[in-house]
Amino acid sequence: MTGKPLVVLKDVNKYYGKLHVLKDINLTINEGEVVVIIGPSGSGKSTLCRTINRLETIDSGTITIDGKPLPSEGRELARLRAEVGMVFQSFNLFAHKTVLENVTLGPIKVRRIPKAQAEQRARELLQRVGVADQADKLPAQLSGGQQQRVAIARTLAMNPKVILFDEPTSALDPEMINEVLDVMRSLARDGMTMVVVTHEMGFARSAANRVVFMADGRIVEESTPEEFFANPKTDRAKDFLSKIL
Ligand code: ADP
Ligand code: MG
């Protein structure tokens, strides 16, 4: 079951110089929904994610979270980044901080949670993603799959309303992909609102409520995974699927 509209993009356009990277994007993400975004490299998937937590600005259109426009600066922006979590391909953990510190830093600094309380919650979250025993290590001492699970725990520690995953398993050795996808599947089952850019079609089939296919800066198709994989409507999507399946 999915709920009310949480993230709403209306007629969004973005340029990098002359390059028109997002073209008239209209997209609504409802509470509790898992939306998988797929499409060829360069089609604007990362840029789309980055505009939703304002790592990138847009040139026209509107983006709202819970009905409110994205703030542009200051503490409001920090709060937005907490509400709209992001998990990157490259983990982006702080290399010189322990796993536990990576997870407590945001809650302590941004949410002003007392340290002991932040640590207790962090340990629970590390347990949840299956790396509780790694709490005192540095990121480099962990496998890629473990580091990505720490990155997910770090995002969860901020109590996000939605999490954007930008190719979270693309940098991982094959044997580690499933341990990360399993954590994501469990978040989905628990009702987390998620936007997931991925080439893992098994995940799209099993976890997505909706598949959004992008090409050339546009949303070309939007349908249920069943419909998309069985009956892609456009040649672009058929061509894409024939190359990756
Ligand atoms: P995808 O994630 O689907 O591979 P991206 O959103 O990364 O696509 O990129 C969309 C287009 O924008 C590509 O042509 C890419 O080269 C270009 N692009 C991405 N980031 C920048 C940037 N910071 N400056 C200029 N061009 C960029
Ligand atoms: Mg990308």
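The legends below describe close-up views of a predicted model.

Local features are given only where pLDDT is at least 70 and side-chain atom pairs only at pLDDT 80 or more, whereas totals for chains, interfaces and linings use all residues; side-chain values rest on heavy atoms, without hydrogens or water. Residues are numbered from 1 along each chain as its sequence is written, while chains are lettered from A and ligands numbered from 1 in the order in which they are written.

**View 1. Four strands form an open sheet in the order 2-1-4-5.**
The pairing in this sheet is antiparallel. Strands (E, at least two residues) and helices (H or I, at least four residues) are DSSP runs numbered from the N terminus, and two strands pair if DSSP finds at least two bridges between them. Strand 2 and strand 5 (68-69) are at the edges with a single partner strand each, so one side of each has no neighbour in the sheet. Strand 1 is joined to strand 4 (residues 60-65) by five bridges, and these two strands run antiparallel. Across this pairing, Leu9 is opposite Ile63 of strand 4. In general, strands of a sheet pair through backbone hydrogen bonds, either parallel or antiparallel.

**View 2. Strand 1 and strand 2 form a hairpin.**
Strand 1 (residues 5-16) and strand 2 (residues 19-30) run antiparallel and are joined by eight bridges. Two residues lie between the strands, and Gly17 in the turn has a positive phi of about 60°. Pro5 has Asn30 of strand 2 as its bridge partner. Val12 is partnered in the same way by Ile25 in strand 2, and Lys14 stands opposite Leu22 of strand 2.

**View 3. Lys14 is a buried residue of strand 1.**
The relative accessible area of Lys14 is 5%, so Lys14 counts as buried. The classes are buried for under 20% relative accessible area, exposed for over 50% and partly exposed in between, with a 1.4 Å probe and protein chains only. A polar atom of the Lys14 side chain lies 2.9 Å from the backbone oxygen of Thr57. A polar contact is a pair of N or O atoms within 3.5 Å; within protein, one atom must be able to donate a hydrogen and the other to accept it, and residues adjacent in sequence count only if both atoms are side-chain atoms.

**View 4. Ligand 1 is surrounded by residues that include Tyr16, Leu19 and Val21.**
The shell also contains Pro40, Ser41, Gly42, Ser43, Gly44, Lys45, Ser46 and Thr47; a residue is near a molecule or strand if one of its heavy atoms lies within 4 Å of it. Strand 2 and helix 1 (45-52) each supply at least two residues of this shell. Helix 1 gives the most, with three residues. By class, the shell has four nonpolar, six polar and one charged residues. Here Ala, Val, Leu, Ile, Met, Phe, Trp, Tyr, Cys and Pro count as nonpolar, Asp, Glu, Lys and Arg as charged, and the others, Gly among them, as polar.

**View 5. Ser43, Lys45 and Thr47 have polar atoms close to oxygen atoms of ligand 1.**
From Ser43, a polar backbone atom is 3.1 Å from an oxygen atom of ligand 1. Lys45 places a polar side-chain atom 2.8 Å from an oxygen atom of the ligand. For Thr47, a polar side-chain atom is 2.5 Å from an oxygen atom of ligand 1. On its own, ligand 1 has 570 Å² of accessible area, of which the protein covers 59%; accessible areas come from the Shrake-Rupley method with a 1.4 Å probe, and for residues only the protein chains shown count as cover.

**View 6. Phe213, Phe228, Phe229 and Phe240 are linked into a cluster by ring pairs.**
Three aromatic pairs are found in the whole structure. Rings of Phe, Tyr and Trp (its six-membered ring) pair if their centres lie within 6.5 Å; planes under 30 degrees apart count as stacked, over 60 as edge-to-face and the rest as tilted. The ring centres of Phe213 and Phe240 are 5.4 Å apart with planes at 50°, so this pair is tilted. This pair links distant parts of the chain, with Phe213 in strand 9 (residues 210-215) and Phe240 in helix 9 (residues 235-244), 27 residues apart. Phe213 is buried at a relative accessible area of 0%, and Phe240 is buried at 9%. Phe228 and Phe229 have ring centres 5.4 Å apart and planes at 80°, so their pair is edge-to-face. Both Phe228 and Phe229 are buried.

**View 7. Lys238 is a residue of helix 9.**
Lys238 has 40% relative accessibility and so counts as partly exposed. The C-alpha atoms of Lys238 and Phe228 are 9.4 Å apart, and the two residues are 10 residues apart in sequence.
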